[in-house]
Amino acid sequence: MTRVHPAMQPVDSKRLRIGLMISVVLVTSCAVHTPHDRGFVSSELSARAGSGLREPGVAGEFDVPEGVSLADGLTESEAVALALWNNAAFQANLAALGFSRADLLRAGLLRNPVLSVLFGRGSKQMEMTLAWPIDELWLRPRRIVAARLDAERIARGLVQSGLDQIRDTRIAYADAVQARDEAALEDERALVAERIAAIERRRLETGDSSALEADVSRMDAVQADQFRRSAALRSETAQARLRAALGLASNDETLELQVEPLAADDLGAIEPMVEAALAARPDLRAAESVVEAAGRRLGLERASIGQWIGLLDANNPASSDRETGPGLQWEIPIFNANRHGVARAKAEIEQASWRYVGLRQEIEREVREAAGRLGDAREAEREWNDVIVPGLDALSCRTARAVDAGEQAGSALWQSKLRLVEARLAATAAAAATRRARAQWVRAIGWDPSYHPSAPAAAEDRSPRSAALGSTRR
């Protein structure tokens, strides 16, 4: 009687199936999901800037958020909400969430088992072997963790992209407001310059003025008219850029802009502001995820030295019952110990760590510069609006009374009006500079204090690796 090796003794097929099912359940129990999805990006942007994201829709379909209306004029906050909902470039960036979701799903996939069949012929028995890489049991969870960190990096990077879009929209809005106001003031300046030129012509005709003075006033009027046409063109261009930022189609319809007063932000001390920005900036948190994901991939590469494959062999010899038995196949890491994969993972950690340090330094520089520029811009705007423009306005009134009393020539009144218009132009530029500086400052610190008094991410727990990196300064 043919003797059967103990390893090839028949086994209970029901028990074997149950064991395989339990193994698969244990492997797949590490659920493939991530909280860093579109809802996460939307809630982060809403907390940081007061506006979230729309639900995914048809590409090119313009939609208006609830509470936003173009009929009663467009405020800056409404412009931000429209841009986050409809800007094509930003919506294209949001598609990266789908890529991260697909990568996470791929990381959670199990490799298919391989069935090998050797058909019997003549005296040769039929043999079947089922092979499955059992190293999936410890590699799959590591892959999922790394993919989740990549998904977090992408999501936080999209939050930063949203903050960039908000900044660009606010700058475009400030440019459009400035161009609109300057166009109106340039019309007024051209009218004043033409009145001065007309007065000088009459004085030349009566012999009270020289030809030189008349020619100077005439050229001033010509120059003012050129400024008026250029300002009108700048206003149209700024409107077109704002419409593009909002995702609106280009047409001749002019957006009515309703300017809201800027929030009175308390800049305070610079060091606490820098620390708050380092805690709040989503791109820095994304960089932390890159470092941690690189560390996870290093562990994955080290665990991938030598492939382990579980075998289930079965045959049906003619002289005995069917024989079934397990087996194991291991790739002996003699020539290839995955040293290249480990070395590459180490290099990725080093690169990600230096990029993290460089980004911290860049954030500190951005916050300091943005705060300084905002402070200077506000001081310049205050000087123009509270001192220079009111002073020239009072001077114009005094000149008007002097002209009425016959103490000054009529051209003196128009000259004072011209200086007042020029001061208002400078004040308009200063106000726009303040809005642009504040947009840069909000982007630098990572949140808008008018919507969130403190850094929204300051209370988030950091990983041990991120905390260690966060303590590194310069």
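This is a predicted model: local features need pLDDT of at least 70, side-chain atom pairs count only at pLDDT 80 or more; totals for chains, interfaces and linings use all residues.
Residues are numbered from 1 along each chain as its sequence is written, and side-chain values rest on heavy atoms, with hydrogens and water left out. Local features need pLDDT of at least 70 and side-chain atom pairs count only at pLDDT 80 or more, while totals for chains, interfaces and linings use all residues.

Helices here are DSSP runs of H or I with at least four residues, numbered from the N terminus. Helix α6 (residues 136–206) packs against helix α7 (residues 211–246) at an angle of about 160°, with the axes 7 Å apart; axes are lines fitted to C-alpha atoms over the stretch in contact, and angles run from 0 to 180 degrees between N-to-C directions. The pair α6 and α7 is therefore roughly antiparallel, a label for angles over 145 degrees. Sorted by class, the α6 contact with α7 has 21 nonpolar, four polar and 14 charged residues. For that tally, Ala, Val, Leu, Ile, Met, Phe, Trp, Tyr, Cys and Pro are nonpolar, Asp, Glu, Lys and Arg are charged, and the others, Gly among them, are polar.

Helix α5 (residues 96–108) also packs on α6, at about 175° and with axes 8 Å apart. That makes α5 roughly antiparallel to α6. Contact (heavy atoms within 4.5 Å) involves A96, L97, S100, D103, L104, A107 and G108 on the α5 side. The class count for α5 with α6 is 10 nonpolar, two polar and four charged residues.

Both L104 and A151 turn up again around T34, which contacts them once neighbours within four places in sequence are set aside. T34 sits in the loop between α1 (13–28) and α2 (38–49). A polar atom of the T34 side chain lies 3.2 Å from the backbone nitrogen of H36.

Burial also marks helix α3 (residues 76–86), where 10 of the 11 residues are buried, so α3 is largely enclosed by the rest of the structure. Among the buried residues of α3 are E76, E78, W85 and N86.

E275, in helix α8 (residues 270–280), is partly exposed at 38% relative accessible area. E275 lies 9.6 Å from A455, C-alpha to C-alpha, though 180 residues separate them in sequence.

Definitions and conventions:
Helices (H or I, at least four residues) and strands (E, at least two) are DSSP runs, numbered from the N terminus. Buried means under 20% relative accessible area, exposed over 50%, partly exposed in between (1.4 Å probe, protein chains only). Angles under 35 degrees count as roughly parallel, over 145 as roughly antiparallel, 65 to 115 as roughly perpendicular and the rest as oblique. A polar contact is a pair of N or O atoms within 3.5 Å; within protein, one must be able to donate a hydrogen and the other to accept it, and residues adjacent in sequence count only if both atoms are side-chain atoms.
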